[in-house]
Amino acid sequence: MKQIRGLQSGYMEMMETLPYAVFVEEHGNLAMCNERGRVLLASLGAEAAPQAGPAGAPPQLPDHPIVTQMRSAIVEAKAQGHMRSFELELNGRMHTIIVTPFSDGERYDSTASMTCVVDIHDVRAAVENDRVSLRHMVHDLRSPLATVLSLLEERLDAKSKADSGLFKDLHKLVDYSLRVAQDFTQLSRAGHLDSRDFVLLDVTDIVADAVDGIWHAARAKDIAIETGPCDEPAHIRGNRGMLLRAVVNVLDNAVKYSAGGTRVTVKVTVAGEWVDVSFTDQGIGISEAAQERLFEPFFQVEARPQDANRGVGLGLPFVMEVLKQHGGGQVLVQSTLGSGSCFTLRLPLVTAASPKVV
């Protein structure tokens, strides 16, 4: 008996170390559960507390919807001798319920089982986000790759020698495909930022670095980038690399969609509880219909995916996702077709500056 009690104590200690709820039942009665299991039952309501069974018997599993489904899975697992699993929403979060029948010698003929309740809500949401993004990427990759195949078949049918035009076409299409993959990766990363890793940042420094990165492209088109000083401290908390890329994306678009000899103005201002970074260009402008779709993945104002000078339609969705991950930031757009556009990135202001600004 002492040995049995020792084994039971060891099982309980092991169960308490598991990072999810565990229940052990026998004959439909609750034999034991760990602390996470007790917390889960309590969170489902007072009626979910284990009910007292007959005198001297273990408490019965509570009469609750989760237990009703668990009972059905337990019965099936014992009858079939195989583990059973299903998904269930508890307290607004998705869980996987795993029921394992205990083996009785050589046969799954036991009257006991163990049930594990694992919270998969965050994992499932992350995977689903990647699946949606991956579907977008695969869909958009079909066009350039199909065109590559057509070009090759055309040259082979004509029995002509490889010429420079063929390689230029292939290079352009492959380059586009690679940019789709790269931008998709960045978009996926933007959706999984952890605010616990954010540091204090000076927005004016980020803007200055972005202007330095775009300066050569602007100079090649004879486009002037004008910046002005910010009269107040413009500090935020965030991921510097992601924010810098977001600012570069917007500034790069302003240069790409502007004619030579024009001007792009970048300003950092503090407005109440927000830091605004505005980009005003004298470019082609955006129609009202197109503005409504600007932040849809792969949408382009001028849908020409083979044009190496254009993006792949993931830049602005990336910017929007980065801003959302930074305290619910926003992207504001004002544009008139033929008269230029103004994009404003709005981020939460940090008023109490820390000793060190990155």
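I began with burial, where a residue counts as buried under 20% relative accessible area, as exposed over 50% and as partly exposed in between, with a 1.4 Å probe and protein chains only. By that cut-off, 38% of the 358 residues of the chain are buried. I noted that this is a predicted model, in which local features need pLDDT of at least 70 and side-chain atom pairs count only at pLDDT 80 or more, while totals for chains, interfaces and linings use all residues. Residues are numbered from 1 along each chain as its sequence is written, and side-chain values use heavy atoms, with hydrogens and water left out.

Entry on the overall fold. I took helices (H or I, at least four residues) and strands (E, at least two) as DSSP runs numbered from the N terminus, and found nine helices and 12 strands in the chain. With contact meaning heavy atoms within 4.5 Å, I looked at contacts between residues at least 6 apart in sequence, and 63% of them join residues at least 24 apart. The accessible surface, by the Shrake-Rupley method with a 1.4 Å probe, comes to about 20300 Å², and 54% of it belongs to carbon and sulfur atoms.

Entry on the cores. A nonpolar core is here a set of buried Ala, Val, Leu, Ile, Met, Phe, Trp, Tyr and Cys residues joined through side-chain atoms within 4.5 Å. The largest one has 46 residues, and those with the most contacts inside it are V203, V277, F279, F318, V319 and L345. Several elements each supply at least two residues of this core, including helix 5 (164-190), helix 9 (315-325) and strand 12 (340-348), but the largest share, eight residues, comes from helix 7. Apart from this core lies another, of 16 residues, among them A21, F23, L44 and I74. I then looked up L345, which, leaving aside residues up to four places away in sequence, touches V247, V250, V275, D276, V277, F279, V319, L323, Q330 and V331.

Strand 7 and strand 9 pair in the parallel sense over four bridges, and E226 stands opposite T265 in strand 9.

Entry on strand 1. Five of the six residues of strand 1 (residues 21-26) are buried, so it is largely enclosed by the rest of the structure. Strand 1 pairs in the antiparallel sense with strand 5 (residues 112-119) over six bridges, where V24 stands opposite M114. Strand 1 also pairs in the antiparallel sense with strand 2 (residues 29-33) over four bridges, and the two form a hairpin with two residues between them, of which H27 has a positive phi of about 55 degrees.

Entry on D222. Phi of D222 is near 60 degrees, a positive value in a residue other than glycine; D222 is found in the loop between helix 6 (203-220) and strand 7 (224-227), and is exposed, with a relative accessible area of 57%.

Conventions. Two strands pair if DSSP finds at least two bridges between them.
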